[in-house]
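Colleague: I am new to this model. Please walk me through it.

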Amino acid sequence: MTFALFGSTTTDGRDAREMRSQFAPNDKATEVTFYFEQGNNLYRIVRRPEQWLKSQRGDNLVDKKPIAKLAIVDKVGGTEIDSIAAKPSDVGTAIAEILNLSAEQFKKIILLPQNDFSEFLKSKTDAKEAILKKIFGTQLYSDFTSKLKELYSADKKKNETFATDLAAQLDSDNWTDEEKEQLSHESDEQKIVVLESFVDKRQAEFYSVEKQATELNKQVQTADKNFQSAKDLDKQFSDLDTAKHDYQLNIVNKETEISAQQQHVSELQWADGLKDTLRDLDSKNEELKKTNDRSQRLTVQMKLSQKDYQSATNKSEELTAQKADFDQKEKQSKKLAILIPDIERVERIRKEITKQEPELSVLQENLSEQDEELQKITSQIDAKKESLTDSDKLQTQKDALTHEKDNFVEILTPLENQKFNDKKDVNRLQTHLDELKSQLQSKTENLQQSQADFEEKKGHRQALMIAQLQKELVDGEPCVVCGSIDHSHMIKTIDADEIELKASMEQVDKSQNQFASAQKEVETLNNNISETTIELNTAQDNLKTATQKLNETYLELTNKSELTFDTEFNISSLKSIFEKEIASLTEQLAAANKLTAEIEKLTKDSQKVADKQNEFKLDLATKKTALEANQKDLKQILAKLGDETRSSQEITQEIKALDAAVRDYQEQVTETQKLAQDSQIKYSNNKTQLDDVEKQAAEQKVTIEKLQKSIDLVLSDSNAKTNDIKVLRTWITEINDGVLSDLQIKISNYKQEKTRLEKRIDELSTALADKEKPDLETLRTVLTGLQTQKDELISQVANAKRTFQDADKNLKRIKDIIAQQGDFAKKFSQLSDLYNIVNGQGNNDSKLKLETYVVQNYLQKVLNYANDHFINLLSNNRYTFELSDDPSDKMRDHGLDINIFDNETGKSRSSDTLSGGETFIAALSIALSLSEVVQSSSNGVQIDALFVDEGFGSLDDETLEKSMTALETIGQNRMVGVISHIESMKQTIGQQVLIKKLGDGRSKVEIVNK
């Protein structure tokens, strides 16, 4: 169950892989399916440990990793409703959330494993607290404590931040070392006053320096104004000198050059008036030259066109003379074309006849072969029918024999199994009886040793008790045993020792339990031997009866059969005889069926041959008819063609040659006619163009004469700038290159610059008539000195202002921190007190944490319930649970340690001092009470089951009976499971799950209801 839920075992150090039996076969996986209810859901867990299994593809073993699945189902063995987890790690997490318990906590309060039963009773406070927190649902207090810790840590950090910030502000570089020293001697209240005086001092220093800077700025502005005025006047003197220098350089020195350029501008302007006329003259001369060239070309083309026309006329006359011959060729071509279809048909019919004649021969041969094959198959069918046996009769014999065999096996097998099982029971019981006798001998020896040990320890305890009584005797007071007041006759055999007495009493209890257990084991073995002997005798009688019945039945069956069998029964021999006879019939039946199948196949082959024979006959008749028709058509067409013996291909070639000759002749005629027509048109066009060109040349000559006359008249005029036409053309080239425009612009710029300079010189001379040139260096030196003083003073102002502002900002921040710190201090003090109390510190007298205190309250309820219902009953009113006032370990949490108050001594002691049996009943009392109290708690987890593994063997009969009564009481409203080997418990527990070992690592589970 623990493995199914958590994937671990109840035994420390035992790996989950050890859940697989070493006897398990390699092809069977170890797996557990576990159902449990929690809340309103039914859960199913399927889990496998890591294990080595046989590979699916061979005999090798492979390591299979662990598997786990968790789901909600509708019923045990029913349908899955919801899948919760499908991996081992996820299943473990989900189970912890569903049960609200870890594996270790589960083993402390629900499943109490062997040897770990008292762990919760003796565990320390922190271990108990972890379990009780889970099962009583006190997470609320943990969450409250965690939240409180977060608030406390945050506020503590904030409080520390205030102090740190204040110290940082007081230690700021804004305060001088002398000021910091002065502040260190002042109280917190007086520090603000002193800091305010520091700030006031810095403010006064700032205002003083700022005033000096304002006055010096005015002086700088005045000096700068005087310097700028002097610079302007000095610039006017410089501008006058520059203007005079430019006038001499650009006006006076260039006057001759400008005059020559003005003369050339006049020449170019005169030439510009003749530019268009001269251009037109040159253009007309060029046009006349082109016109003459074109006239010559047209004359040559006219002569060529006339020659081509004459040649085409001659060629046309020659072709006309050949027309009659080519008309005859065209008629011959048409006549031959009419013969081609008949000749092609003759060729096609002859080809078909050539193909049909051998085909007819092949068909006649195939028809003969089919006749022979059909006769052969018919002979084979007749021969096989003669040797065929009746298969239905063989099948009837085989079915009867099979039925007889099944009847034998059905009747004899149960009798044989019964005999085998009875014999197996006899062997098993005999072996078991021998083992019990061997165990009895060993247990008897163990009983004798236990009895001797018990007598020895009991005598030692008695001696110690007597010594203790002797030690406690007081002269004059009566002895509690004999009542005598005279103790002089007392014989001392051993020294009294209370610790040794206590240990001896525990040893006697333990030895007595071992002795009683040994007696019980011997008694149990004797009973088992008697029972086993009776079972063995019964089994031997059953074996004898089964053997006799088997032999009688076998004899009766074999006498009725027609087969011969062995005298002694042997199921293998019997089956062999039947199987041999059945096999013989099967072979005969198979041979008959095979022969029948061969006959059927031959019959089908015969039909196929007959069908094919009919196809050949039909095909032969069809082809004969076609051959005769072709021969008749051929005779008729040959009569129509007469003596024509040429092939269609030869006639076609002749037609192609005739058609090509006619076509070539027609193309020559057409080409010659077109050439004559084109030559005539070309000649006419050239003649028209030549007339137009000659007329155009005459007009161009007249225009050229007029233009030449006009130019000659201008050049011969007395006012002409030149009489040389070459000079004129040179001037016109300069005009075209932009020389005239450049000269005009240059002359205009010269005149504008002359006017500007004359005006500027006049203006500056007038403005400076009564003024002297200023001393700029002296004025610059004065201004520079004042500016240097100003820059230094500005720096002083900025430093004083920054020092004042930083100090004022520091002061405001300090006041703000002190104000916030005052408001926060009261709140933090209250939070600190609450934090200390919740965590068992400060004024918390009990020194218990809040959650420990709450859990302690629940544990007290558990102990109270245990005192009222269990521990007093089980200990005969000797023991009572109580919580320890002091921790057992000063260095750890406390408050949940459990003590035992002993009513016999009137003192309280640790639960660690209880004996083994006492520890068991104490732990059982707490476990039962814990279950009851949790059920009644509204916040607790639901505990509907409790499992106890062993521990009952250390109890005496009376305590064991009381423990069972307590378990039955608590079992009225939940399930209680007990794992034990105590025989008396087996007799009293009503519902049991018995695990019986079968040997070879196998076991059997039985459900017992009493």
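Predicted model: local features only at pLDDT ≥ 70, side-chain atom pairs only at ≥ 80, totals over all residues.

Colleague: How many bridges pair E1 and E2?

Modeller: Helices (H or I, at least four residues) and strands (E, at least two) are DSSP runs, numbered from the N terminus. Two strands pair if DSSP finds at least two bridges between them. Strand E2 covers residues 41–48, and its pairing with E1 is antiparallel. The bridges between E1 and E2 number seven.

Colleague: In which order do the strands of that four-strand sheet run?

Modeller: The sheet is open, and its pairing is antiparallel. Its edge strands, each pairing on one side only, are E1 (32–38) and E6 (80–85). From one strand to the next, the twist averages 25°. The order is E1-E2-E5-E6.

Colleague: Which helix lies across E1, E2, E5 and E6?

Modeller: Look at residues 88–99. Their helix runs at about 40° to strand E5 (67–73). Axes are lines fitted to C-alpha atoms, for helices over the stretch in contact, and angles run from 0 to 180 degrees between N-to-C directions. The helix is H2.

Colleague: Is Gln-51 buried or exposed?

Modeller: Gln-51 lies in strand E3 (residues 51–54). Among the residues that Gln-51 touches are Arg-20, Val-62 and Asp-63, where contact means heavy atoms within 4.5 Å. Buried means under 20% relative accessible area, exposed over 50%, partly exposed in between (1.4 Å probe, protein chains only). Gln-51 has a relative accessible area of 2%, so Gln-51 is buried.

Colleague: Which backbone oxygen does the side chain of Gln-51 reach?

Modeller: The distance is 3.1 Å. The oxygen belongs to Pro-49.

Colleague: Which residue in E9 stands opposite Glu-882?

Modeller: Three strands form another open sheet, in the order E8-E9-E10, with antiparallel pairing. Strand E9 (residues 898–902) is joined to E8 by five bridges. Glu-882 stands opposite Asn-899.

Methods. Residues numbered from 1 in each chain as written. Heavy atoms only, no water. Polar contact = N/O pair within 3.5 Å; in protein donor to acceptor, adjacent residues only side chain to side chain. Lists of a residue's contacts leave out its neighbours within four places in sequence.
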